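Please look over the notes below with the model open beside them.

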Amino acid sequence: MEMKKLFTSDNFFLAMLLFAVIGEAIYSSIDIFVYHYAIQAQLTLFFRLVCVIVLYISYKRHSKNVMKGMMGALLAAQLITSIQYLPELSTPVDYVCFPLFAVFSALLFINHFIINADRQPSPRLIRISQILSILLFLNNTVSEFLWLASVPDPLYYVLGIADILGFLGMTASVVCVESRLDAYRLDRESAGWTEEKGYPEGYVHEYEKK
């Protein structure tokens with residue numbers, strides 16, 4: 001129940017948006033302007049950041065079709081990123097964390113489409129998405145800290161912490177919206193909604209009650 005409250009909190013969602021934008025903006029800026037990485041190498045990250053921002057705006061406007069599209073795009077981009085890491089295995093930690101990143105990302109991607117396959121609430125599947133997002137965060141954090149322990153440059157600590165927060169924000173933002181949409185489905189179902197009859201007379205949508 002506490003996990004449900006966390007992921008359906010608007011304040012938590014806003015915090016995740018800020019983590020994503022600020023964290024990954026710092027990460028990509030250091031990569032480009034300090035370590036002179038090619039901007040092209042950051043394109044997937046920039047794409048994900050744009051998706052997170054559009055996802056938040058569409059959530060505030062309750063544009064459900066846009067929300068679903070942005071969630072799918074974000075999860076697809078994350079899955080692609082995780083697959084791109086697999087050829088870069090070099091340390092014992094990489095051989096554990098990178099495959100787990102790919103597996104968890106694939107499961108989150110698949111679960112998203114199962115949840116949205118129909119208009120019925122799916123609290124158990126939502127719980128799975130919430131757990132997967134936590135596992136992804138823990139896996140990424142372990143990978144980052146073990147990597148930081150092997151490098152002498154203090155600026156890498158800023159880079160690593162920024163990426164940890166940014167990754168958390170991007171992954172959790174999707175699950176926040178999924179959790180909120182499922183809460184809407186549960187509310188309308190308890191009010192008597194069915195796919196055949198639609199909404200009962202006088203029904204007030206959950207997002208309109210605020």
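1. Start with helix 3 (residues 43-60) and helix 4 (residues 64-85): their axes come within 9 Å and cross at roughly 155 degrees. That angle makes helix 3 roughly antiparallel to helix 4. The crossing of the two is left-handed. Helix 3 makes the contact through T44, F47, R48, C51, V52, V54, L55, S58 and Y59, and helix 4 through V66, M67, M70, M71, A73, L74, A77, Q78 and T81. The residues of this contact divide into 13 nonpolar, four polar and one charged.

2. A word on terms and provenance. The model is predicted: local features need pLDDT of at least 70, side-chain atom pairs count only at pLDDT 80 or more, and totals for chains, interfaces and linings use all residues. Residues are numbered from 1 along each chain as its sequence is written, and side-chain values use heavy atoms, with hydrogens and water left out. Helices are DSSP runs (H or I, at least four residues), numbered from the N terminus. Axes are lines fitted to C-alpha atoms over the stretch in contact, with angles from 0 to 180 degrees between N-to-C directions. Roughly antiparallel means over 145 degrees. Left-handed means that the near helix is turned anticlockwise from the far one by less than a right angle. Contact means heavy atoms within 4.5 Å. Ala, Val, Leu, Ile, Met, Phe, Trp, Tyr, Cys and Pro count as nonpolar, Asp, Glu, Lys and Arg as charged, and the others, Gly among them, as polar.

3. Helix 4 also packs on helix 5 (residues 92-115), at about 160 degrees and with the axes 9 Å apart. Helix 4 is therefore roughly antiparallel to helix 5. Their crossing is left-handed. From helix 4 the contact takes K68, M71, G72, L75, A76, Q78, L79, T81, S82 and Y85; from helix 5 come F98, F101, A102, S105, A106, L108, F109 and H112. By class there are eleven nonpolar, six polar and one charged.

4. Helix 2 and helix 3 pack at about 160 degrees, with axes 10 Å apart. They are therefore roughly antiparallel to each other. This crossing is left-handed. Helix 2 brings D10, F13, L14, L17, A20, V21, E24, A25, Y27, S28 and I32, and helix 3 brings L45, F46, L49, V52, I53, L55, Y56 and Y59. The contact has 16 nonpolar, one polar and two charged residues.

5. Which residues lie nearest the centre of the largest pocket? They are Y27, Y85, F98, E144 and D163, out of 33 lining residues. The pocket's volume is about 990 Å³. Helices 2, 3, 4, 5, 6 (123-148) and 7 each supply at least two lining residues. The lining divides into 15 nonpolar, eleven polar and seven charged. A pocket is an open set of points on a 1 Å grid over the protein atoms alone, with protein on both sides within 12 Å along at least five of seven lines; lining residues have an atom within 4 Å of a point.

6. One cavity of 30 Å³ or more is counted. A cavity is a set of grid points where a 1.4 Å probe fits but cannot get out. Points are joined across faces, edges and corners, and volume is the space filled by probe spheres set on them. The largest cavity holds about 30 Å³. Its lining is F7, T8, S9, D10, F13, Y59, C176, V177 and R180. Helix 2 (10-34) and helix 7 (155-190) are the elements that give two or more residues. Helix 7 gives the most, with three. The lining divides into five nonpolar, two polar and two charged.

Conventions. Parallel < 35°, antiparallel > 145°, perpendicular 65-115°, else oblique.
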